[in-house]
Amino acid sequence: METIRLTMAQALVKFLDNQYVEFDGKEQKFVKGIFTIFGHGNVVGLGQALEQDSGGLIVHQGRNEQGMAHAAIGYAKQKHRKQIYACTSSVGPGAANMVTAAATATANRIPVLLLPGDTFATRQPDPVLQQVEQFNDLTLTTNDAYRAVSKYWDRISRPEQLMFSMINAMRVLTDPAETGAVTIALPQDVQGEVYDYPVSFFKKRVHRIERRVPTRAMIDDAVNVMKGKKKPFIVCGGGVRYSEAAEALKSFAEKFNIPFGETQAGKSAVVWDHELNMGGIGTTGNLASNILAKDADVVIGIGTRYTDFTTASKWLFQNPEVDFVNINVASFDAYKLDAVKVVADAKATLEALESRLEAEGYKSAYNNEIADAKDKWKAELNRLFNIKYNNDFVPEVAGHLDDKMEEYKEMLGSSLTQTRVIGMLDELLDDSAVVVGASGSLPGDLQRVWCPKEPNTYHMEYGYSCMGYEVNAALGVKLAEPKREVYAMVGDGSYMMLHSELVTSIQERAKINIILLDNMEFGCINNLQMGHGMGSFGTEMRHRNPKTGLLDDNLVKIDFAMNAAAYGCKTYSVRTEEELAAAIADAKKQEVSTLIDIKVLPKTMTNGYESWWRVGNAEVAEKESVVNATKELKAELDKARRY
Ligand SMILES: Cc1ncc(C[n+]2csc(CCOP(=O)(O)OP(=O)(O)O)c2C)c(N)n1
Ligand SMILES: O=C1C[C@@H](O)[C@H](O)[C@@H](O)C1=O
Ligand SMILES: [Mg+2]
């Protein structure tokens, strides 16, 4: 047997450089590169291997481990899971920092390879710097925290273990039904240990991303449910995008006249003005989708996880006759809502189902309902996009901070409304631009009102809704789409939580644009608490008041433009419509990353449409408003499915 003498880390790099995927006959390299933050736990092991020979892998320098891993997730998501980045951290805090990102990847079913350094396998120098030391179990390290949030986890305690472990890592990363975070913990001594690896381990490997074909029985089941149904409704989930099934979906929907709603991950599979595209569905859905979903007698969920936001906590589908047909590569998802299951690829299934339903002479029984619902929504959209502050102003989310609007207006120096700003952006950004989001009030607004004019221009992480994803993932999206303008859509709270890789975007000359909507509050959470009977508590950005001892003094002002300018970004402060138009026009001309600090009034985001969301409200409370809200919640719960 021919062997090659390498350290474990050198072998790992060589292996990663030789992984490819094939999808629909097209082959491409699977691992684009590696984000690194070096410390004693990885610099002389994996760091040495990368310095010596990184092969075709591009090596980036991250700023915060979570931030760089968000960039890696953004990249893989935008590449529809066909190409990934690896991320390596040191031991202890560096490793712990990536755990949140592992969860983000796993919740969203996005492949990312995490390579945290680990404490010594030999234990000779223990306790090493940054070792936690659990008295009851010396095998536990920080990296065991990844187990709960990884789809595959391993620790390489001997160099030869690398081989089967990495082959398994590739199995999970390239399997659409299994994918998510893969964590391979690398003890810092083992990284540098030598082994005679068989040359065959480094051969070029092509992992086929298979389209799992539905069985005849699965299609029979689906046809049997559908053929008696008059008001079918499709939920277009992320799986439609990952399976590249948009054309098949359009053909299917058009043939049988079936409207479809979009989840956050599925949005922009099909452009917004397709006549059967009703737009966002669920808790953060719009009027058109939610009206039709309520009456649907069969829901065809394609590539959707059916989160509580998508189903409005199982409340949305109110027709007593409703049945579900779930098309999903993951049987776990296919089994949800007690559905008829087609455990298979979206495109393959839609094609098979289309020909069978056609043979049955199937057609939905909609008359004008689809066009009427969409017209209603378009009129509402037009209203939202044109809301301006005036003397008798009533904000969209009314009755919470109405008496504080003037104070906000003065402190922000702006009376721009959030929906107007988004409406202007919808017009001003190029059709090919990609918007990136994750948390706060923006995902709800964007799912409802954003109008993608080209496919795959909407990138929302709403599986984990992790504050701090937006800016960092925008870098990953830019690396995946170097020719497009990329816009991170972020609130003040989320920007402050984490924007570390903004500096990396400057370092890499990879221009991203940050659209920051500063409303001086954790706006959506303020809406949530006040909408459930509480007061405003701990969610507005206010100074501590020496008189009350509470955080209820004047508002905290932040100049975000100045903050980003310090990193080298071109920045803009926006308080008027004219300034916004000028900033967008100028930002397009820049080659460096930009930040547009837009001051918007709180409570001017969109509110709900025909939807509901279950939260755990207090059953007893001093405030009657809280108890009343709990009663209302229980009344809605009665309308929801039990499982
Ligand atoms: C890491 C993380 N921590 C906490 C939350 C809970 N959370 C969701 S939105 C939000 C506030 C967001 O504020 P901001 O970014 O200003 O957006 P706004 O709602 O004001 O538009 C919080 C704390 C979260 N989603 N992610
Ligand atoms: O708690 C939350 C409420 C949602 O409105 C928000 O978008 C999300 O980020 C979140 O974490
Ligand atoms: Mg805010």
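**Surroundings of the two ligands**

Helix 19 makes the largest contribution to the shell around ligand 1, supplying four residues. The model described here is a predicted one. In total, 15 residues surround ligand 1, and the closest are Ser441, Ser465, Asp492, Gly493 and Gly523. Sorted by class, this shell comprises five nonpolar, eight polar and two charged residues.

Several polar atoms of the protein meet ligand 1. A polar backbone atom of Ser465 lies 2.8 Å from a nitrogen atom of ligand 1, while an oxygen atom of the ligand is 2.8 Å from a backbone N or O atom of Ser494. Asn519 takes part through its side chain, with a polar atom 3.0 Å from an oxygen atom of ligand 1. On its own, ligand 1 has 590 Å² of accessible area, of which the protein covers 77%. The space that ligand 1 takes is the largest pocket. Two elements, helix 19 (492-497) and helix 21 (523-530), each give two or more residues to the shell around ligand 1.

Turning to ligand 2, this molecule also sits in the largest pocket. The residues surrounding ligand 2 are Ser439, Gly440, Tyr462, Ser465, Cys524, Ile525 and Trp613; by class, four are nonpolar, three are polar and none is charged. Ser465 places a polar side-chain atom 2.6 Å from an oxygen atom of ligand 2, and its backbone has a polar atom 2.8 Å from a nitrogen atom of ligand 1. Tyr462 likewise brings a polar side-chain atom to 2.7 Å from an oxygen atom of ligand 2, whereas Gly440 uses a polar backbone atom, 2.7 Å from an oxygen atom of the ligand. The protein covers 71% of the 290 Å² of accessible area that ligand 2 has on its own.

Technical notes
Residues are numbered from 1 along each chain as its sequence is written. Chains are lettered from A and ligands numbered from 1 in the order in which they are written. This is a predicted model: local features need pLDDT of at least 70, side-chain atom pairs count only at pLDDT 80 or more; totals for chains, interfaces and linings use all residues. Side-chain values use heavy atoms; hydrogens and water are left out. A residue is near a molecule or strand if one of its heavy atoms lies within 4 Å of it. A polar contact is a pair of N or O atoms within 3.5 Å; within protein, one must be able to donate a hydrogen and the other to accept it, and residues adjacent in sequence count only if both atoms are side-chain atoms. Accessible areas come from the Shrake-Rupley method with a 1.4 Å probe; for residues, only the protein chains shown count as cover. On a 1 Å grid over the protein atoms alone, a cavity is a set of points where a 1.4 Å probe fits but cannot get out, and a pocket is an open set with protein on both sides within 12 Å along at least five of seven lines; lining residues have an atom within 4 Å of a point. A molecule sits in a cavity or pocket if more than half of its atoms lie within 2 Å of its grid points. Ala, Val, Leu, Ile, Met, Phe, Trp, Tyr, Cys and Pro count as nonpolar, Asp, Glu, Lys and Arg as charged, and the others, Gly among them, as polar.
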